[in-house]
Amino acid sequence: MNPENQPQTKPDQNQNFPPHAAVSATPPVAPSIPTPPATPPPMAKSIIDAPTPVAKKSYPWMKDLLGIFLFIAAVIIGAWLINTLVFRSFSVTGPSMEDTMYTGDRIIVNRVPMTAAAVSGKTYTPQRGQVIVFKNPLYQPGMEDEYIVKRVIGLSGERVVVQNCDVTVYNDEHPDGFNPYEKFDVSDNELCVSGDVDRIVPDGEIFVIGDHRNGQYSFDSRNGLSTVPLGDVVGPVGFRLFPLNKIRTF
């Protein structure tokens, strides 16, 4: 057979071939990126509950008691300050200041001039003719008349003469003397001033006489009381508070 006339066959692509080393193209491998280590979860913290505060016992009565105590203390301190610095109240006993004052009259003494003088470092000196309250310089525990009310007649360094029912005061301004009652707003029922006195008023003291000046109704500088130290003066009488129908200033 002519080879040329032989039918020609094409190799079968599905024909099995002997095994052989096959080389396949491997796709490029991307460089590996190191993975950061995983952050470990935070450690659980130990939780300790705060102790529950124990409610304190309430004592409302203690608060009320403290309030009452503070109120009483404030009243006492306030009263003391008022009596010491502002004014002071007295009740009149006896006839020595009639017809100006009578037993049972309630009078108010003005303490402000005394306070002002003390603040300025001076000694308070009342004016002539003023009605004042002062501590009895002869007072002893157990006596009744610790405080006395009188009218100022003579001042320190002046000469006071009581004779023949008259009072005469001598000083540098009046070397011939003058009658202080001519300038006072007092009752004319007591024109005669009893006594027999001729005295120089010592420094730091005053001469006082009660308005009931006739007879022995008033214990004052004309007799056993003598002159009054300025340090014993409580203050001038500001006004009469009682009886209500006789309220007046001085």
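Tutor: Start with helix H1, residues 60–85, which supplies the largest share of the nonpolar patch, five residues. Keep in mind that this is a predicted model.

Student: Which residues form the nonpolar patch on the surface?

Tutor: Ile77, Trp80, Leu81, Ile82, Leu85, Val86, Phe87 and Val112 form it. Together they have about 700 Å² of accessible area.

Student: Why is Trp80 called exposed?

Tutor: Trp80 is found in helix H1. Its relative accessible area is 54%. Exposed means over 50%. Therefore Trp80 counts as exposed.

Student: What is the overall layout of the protein chain?

Tutor: The secondary structure comes to two helices and eleven strands. From the N terminus the elements run α-β-β-α-β-β-β-β-β-β-β-β-β. Buried residues make up 28% of the 250 residues. The chain exposes about 18000 Å², with carbon and sulfur atoms supplying 58% of that area. Of the contacts with a separation of 6 or more, 61% are between residues 24 or more positions apart.

Student: What makes E6 and E7 edge strands?

Tutor: Three strands form an open sheet in the order E6-E5-E7, with antiparallel pairing. E6 and strand E7 (197–200) each have a single partner strand, so one side of each is left without a neighbour in the sheet. The twist averages 10 degrees from one strand to the next.

Student: How do you know that E5 and E6 are paired?

Tutor: Pairing takes at least two bridges. Five bridges join E5 to E6, and the two run antiparallel. Therefore E5 and E6 qualify as a pair. Within this pairing, Gln163 has Asp166 in E6 as its bridge partner.

Student: Why is Asn164 called exposed, and why is Cys165 called partly exposed?

Tutor: Asn164 has 69% relative accessibility. The cut-off for exposed is over 50%, so Asn164 counts as exposed. Cys165 has a relative accessible area of 32%. Buried needs under 20% and exposed over 50%, so Cys165 is partly exposed.

Student: Which peptide bonds are cis?

Tutor: Most peptide bonds are trans. A cis bond joins Glu98 and Asp99, with omega about 10 degrees. Asp99 lies in the loop between strand E1 (87–91) and strand E2 (106–110). A cis bond also joins Phe242 and Pro243, with omega about 5 degrees. Pro243 lies in the loop between strand E10 (233–242) and strand E11 (248–249).

Student: What makes E10 and E11 a pair?

Tutor: Two bridges join E10 to E11. The rule asks for at least two, so E10 and E11 count as paired. They run antiparallel, and a hairpin joins E10 to E11 through five residues. Arg240 stands opposite Arg248 in E11.

Student: Which other strands pair with E10?

Tutor: E2 and E10 pair in the antiparallel sense over four bridges. There, Ile107 stands opposite Arg240 in E10. Strand E3 (residues 131–135) and E10 are antiparallel too, over three bridges. Ile132 has Pro236 in E10 as its bridge partner.

Student: Why is the contact of Glu158 with Arg128 called a salt bridge?

Tutor: The closest N and O atoms are 2.7 Å apart. The limit is within 4 Å, so Glu158 and Arg128 form a salt bridge. By this rule the count comes to six salt bridges.

Student: What distance makes Arg159 and Asp198 a salt bridge?

Tutor: Their side chains meet at 2.8 Å, N to O. Arg159 lies in strand E5 and Asp198 in strand E7, so the pair ties together parts that are 39 residues apart in sequence. Arg159 is partly exposed at 33%. Asp198 is partly exposed at 46%.

Technical notes. Residues numbered from 1 in each chain as written. Predicted model: local features only at pLDDT ≥ 70, side-chain atom pairs only at ≥ 80, totals over all residues. Heavy atoms only, no water. Patch = residues over 30% accessible without salt bridge, like charges linked within 9 Å, V, L, I, M, F, W, Y side chains within 5 Å. Areas by Shrake-Rupley, 256 points an atom, 1.4 Å probe, with all protein chains shown as cover. Buried < 20%, exposed > 50% of the residue type's maximum accessible area, 1.4 Å probe, protein only. Contact = heavy atoms within 4.5 Å. Axes fitted to C-alpha atoms, helices over the stretch in contact; angles between N-to-C directions.
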